[in-house]
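Me: I'd like to learn how to read a structure like this one, feature by feature. Could you walk me through it?

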Amino acid sequence: MFNFIDAIKLGFQNYFKFKGRSTRSEYWWWVLFIVLAGIPLTLIDRGIGTYDYENQNGVLSGLFELATLIPSLALGVRRLHDINKSGWWLLMWLSSLLIIPIILLVVMGIWLWFILLLIIPMTVPVIILLVWAAKRGETNTNKYGPDPQQVVPSQTLTLNTRPGIEGTSEFDE
């Protein structure tokens with residue numbers, strides 16, 4: 001299990017890593033980091049005058065979002081791999097982006113009946129991805145790799161400090 005700091009470090013260390021698996025704790029700690037870092041950056045943007053109220057974004061918060069976009073996508077893909085789903089399922093959230101233009105059409109009163117029929121199906125992918133992100137990963141090795149929660153046997157290195165006495169030292173790969 002990861003703690004907050006380890007999850008952030010691992011998120012940036014695996015910046016472009018779309019292969020392998022990630023645990024729920026790693027994923028949700030990263031989400032918490034994105035939210036907690038975004039709030040003060042937005043407040044700073046408002047304080048220094050770099051926040052655009054029309055677009056609801058600031059320079060610092062925008063740069064942060066840009067810097068964390070790839071690791072967030074990579075972590076999302078690895079999280080899907082942990083439940084034995086293809087990372088391509090992450091593209092489902094793009095369909096939810098269509099909700100905004102539809103809501104604008106609703107506000108304008110155009111095709112109200114048609115739009116109301118589309119809002120519910122377009123929120124389903126977001127709900128599915130949230131459920132999958134909260135789902136326990138497979139406990140066995142799957143086609144995307146070994147279970148990230150399993151303790152990998154450490155490799156040992158034999159050290160001969162004195163003749164006739166052997167010591168072992170564990171090291172990480």
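Me: Which residue forms a salt bridge with D147?
Reply: The general idea is that a salt bridge puts a side-chain nitrogen of Lys or Arg within 4 Å of a carboxyl oxygen of Asp or Glu. Here D147 forms one with R21, and their closest N and O atoms are 4.0 Å apart. The pair links distant parts of the chain, 126 residues apart: D147 is in the loop between helix 6 (112-134) and strand 3 (155-162), and R21 is in the loop between helix 1 and helix 2. Helices (H or I, at least four residues) and strands (E, at least two) are DSSP runs, numbered from the N terminus.

Me: What should I know about the model itself?
Reply: It is a predicted model, in which local features need pLDDT of at least 70 and side-chain atom pairs count only at pLDDT 80 or more, while totals for chains, interfaces and linings use all residues. Residues are numbered from 1 along each chain as its sequence is written, and side-chain values use heavy atoms, with hydrogens and water left out.

Me: Are D147 and R21 buried or exposed?
Reply: Buried means under 20% relative accessible area, exposed over 50%, and partly exposed in between (1.4 Å probe, protein chains only). Both D147 and R21 are buried.

Me: How many salt bridges does the rule give?
Reply: The count comes to four. In one of them, the side chains of D82 and R21 meet at 2.8 Å, N to O. D82 lies in helix 3 and R21 in the loop between helix 1 and helix 2, so this pair ties together parts that are 61 residues apart in sequence. R79 also forms a salt bridge with D82, with the closest N and O atoms 2.6 Å apart. Those two both lie in helix 3, three residues apart, about one turn of the helix. R79 counts as buried because its relative accessibility is 2%, and D82 is buried with a relative accessible area of 3%. Taken together, R21, R79, D82 and D147 are linked in a network of salt bridges.

Me: How do I read the packing of two helices?
Reply: Two packed helices are described by the angle between their axes and the distance between the axes. Axes are lines fitted to C-alpha atoms, for helices over the stretch in contact, and angles run from 0 to 180 degrees between N-to-C directions. In this model, the axes of helix 1 (residues 4-13) and helix 2 (residues 24-48) come within 8 Å and cross at roughly 90°. That makes helix 1 roughly perpendicular to helix 2, a label for angles of 65 to 115 degrees (under 35 is roughly parallel, over 145 roughly antiparallel, the rest oblique).

Me: Which residues of helix 1 and helix 2 meet?
Reply: Contact means heavy atoms within 4.5 Å. From helix 1, F4, A7, I8, L10, G11 and F12 meet E26, W29, W30, L32, F33 and L36 of helix 2.

Me: And what is a nonpolar core?
Reply: In soluble globular proteins, nonpolar side chains tend to be buried together. A core here is a set of buried Ala, Val, Leu, Ile, Met, Phe, Trp, Tyr and Cys residues joined through side-chain atoms within 4.5 Å. The largest has eight residues: I8, Y27, W30, F33, A37, F64, L75 and A133. Helix 2 gives the most to this core, with four residues.

Me: Where does Q56 lie?
Reply: Q56 is in the loop between strand 1 (51-52) and strand 2 (57-58). Its phi is positive, about 60°, although Q56 is not a glycine. Q56 is exposed, with a relative accessible area of 52%.
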